Amino acid sequence: GTTPKEHQRQQSQSTAPTTTSQHNSTTTTTTNKKKKMSEREGKEGRGKILNDPVHGHIYMPEYCMEIIDTPQFQRLRDLRQLGASYLVFPGASHHRFEHSVGVGFLARKMMRRIQSKQPELQVEDRDIQMLTIAGLCHDLGHGPFSHAFEEWARRIVPDWHHEDMSKRMVEHLITDNQLDYSSEDIRFITDLIGGHSSNPISDLQKT
């Protein structure tokens, strides 16, 4: 016969290879998924695959990473998405950074679907890029504690809105980091963030 400790050791040894095998299989599957994702998205430059807490592994093209890696965007890591709520709800601790990355990802995903399913709309890759960047940068203008700061700021500047600050931050980010965007590109992005055209007559003529 065997002692209880010997029996427990035998069971542990017999199950260890299976656990390791399962781990290796999961790792291989994840690696293959990332590789296929990179190959599928490769035509948009050398982007990166991020592990998003909501959407899982997501691909962000190179033009997104150029923005994400700037000091102006990295600042969002320190801005609470839900203001001071984390003081009452410990789980409410996420930040504007991951929120903005997710919005950029979903904006691009939506536009690519429209481009594929409705070719009559003639959505161009440049349109997708501009809208993706607008989604990525729409919260750049938030202050500490997000909307709580906005309420405080309006006591000093009554017409203060974080969208207006986001538009100014986009212009500063592109200029300060010498990114390759024309003045028309910047206007397109900031108009999307603001929710209205800054030159409606010109835009109507284009359509």
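Predicted model: local features only at pLDDT ≥ 70, side-chain atom pairs only at ≥ 80, totals over all residues.
Visitor: What pattern does the protein follow along the sequence?

Guide: Read along the sequence, the pattern is α-β-β-α-α-α-α-α-α-α-α.

Visitor: And how much of the protein counts as buried?

Guide: There are 207 residues, and 32% of them count as buried.

Visitor: What about contacts between residues at least 6 apart in sequence?

Guide: Of those contacts, 53% join residues at least 24 apart.

Visitor: Let's go inside. Which residues of the largest nonpolar core touch the most other members?

Guide: Met60 and Phe73 do. The core has 28 residues.

Visitor: Which elements give two or more residues to this core?

Guide: They are strand E2 (56–60), helix H2 (62–68), H4, H5, helix H7 (162–176) and helix H8 (183–194). As a general point, nonpolar side chains tend to be buried together in soluble globular proteins.

Visitor: Back to methionine 60. What does methionine 60 touch?

Guide: Leave out residues up to four places away in sequence. Then methionine 60 touches Gly47, Lys48, Leu50, Met65, Ile68, Val101, Phe105 and Leu136.

Visitor: New topic: helix packing. What describes two packed helices?

Guide: Two things: the angle between their axes and the distance between the axes.

Visitor: OK, at what angle do H4 and H5 pack?

Guide: About 155 degrees, with the axes 7 Å apart. H4 covers residues 96–117. That angle makes H4 roughly antiparallel to H5. The crossing of H4 and H5 is right-handed.

Visitor: Which residues make the contact?

Guide: On H4, they include Ser100, Val103, Ala107 and Met111. On H5, they include Ile128, Leu131, Thr132 and Leu136. By class, the contact of H4 with H5 has eight nonpolar, five polar and three charged residues.

Visitor: How about H7 and H8? At what angle do they cross?

Guide: Roughly 160 degrees, and their axes come within 9 Å. H7 and H8 are therefore roughly antiparallel to each other. Their crossing is right-handed.

Visitor: Which residues meet there?

Guide: Glu163, Ser166, Lys167, Val170, Glu171 and Ile174 in H7 meet Ile186, Ile189, Thr190, Ile193 and Gly194 in H8. The contact of H7 with H8 has five nonpolar, three polar and three charged residues.

Visitor: Now H5 and H8. What is the angle there?

Guide: H5 and H8 pack at about 50 degrees, with axes 9 Å apart.

Visitor: Why are H5 and H8 called oblique?

Guide: Angles under 35 degrees count as roughly parallel, and 65 to 115 as roughly perpendicular. The H5 and H8 angle is about 50 degrees, so H5 and H8 are oblique to each other. The crossing of H5 and H8 is right-handed.

Visitor: What residues make that contact?

Guide: Among them are Met130, Ile133 and Cys137 of H5, and Phe188, Leu192 and Ile193 of H8. The contact of H5 with H8 has nine nonpolar residues, no polar ones and three charged.

Visitor: Isoleucine 186 came up. Buried or exposed?

Guide: Isoleucine 186 counts as buried, because its relative accessibility is 15% and buried means under 20%. Isoleucine 186 touches Glu171, Ile174 and Tyr181, not counting residues up to four places away in sequence.

Visitor: What does leucine 140 touch?

Guide: Leaving out residues up to four places away in sequence, leucine 140 touches Gln72, Phe73, Arg75, Leu76, Ser166, Met169, Val170 and Leu173. Phe73 is also one of the core residues that touch the most other members.

Visitor: Last one: backbone angles. What is the phi of glutamine 122?

Guide: Phi of glutamine 122 is positive, about 55 degrees, although glutamine 122 is not a glycine. Glutamine 122 sits in the loop between H4 and H5. Glutamine 122 counts as exposed, at 63% relative accessibility.

Visitor: And what about phi of glutamine 178?

Guide: Phi of glutamine 178 is near 55 degrees, a positive value in a residue other than glycine. Glutamine 178 is in the loop between H7 and H8. Glutamine 178 is exposed, with a relative accessible area of 72%.

Methods:
Residues numbered from 1 in each chain as written. Heavy atoms only, no water. Contact = heavy atoms within 4.5 Å. Axes fitted to C-alpha atoms, helices over the stretch in contact; angles between N-to-C directions. Helix = DSSP H or I, 4+ residues; strand = E, 2+ residues; numbered from the N terminus. Parallel < 35°, antiparallel > 145°, perpendicular 65-115°, else oblique. Left-handed = near helix turned anticlockwise from the far one by under 90°. Nonpolar A, V, L, I, M, F, W, Y, C, P; charged D, E, K, R; others polar. Core = buried A, V, L, I, M, F, W, Y, C linked by side-chain atoms within 4.5 Å. Buried < 20%, exposed > 50% of the residue type's maximum accessible area, 1.4 Å probe, protein only.
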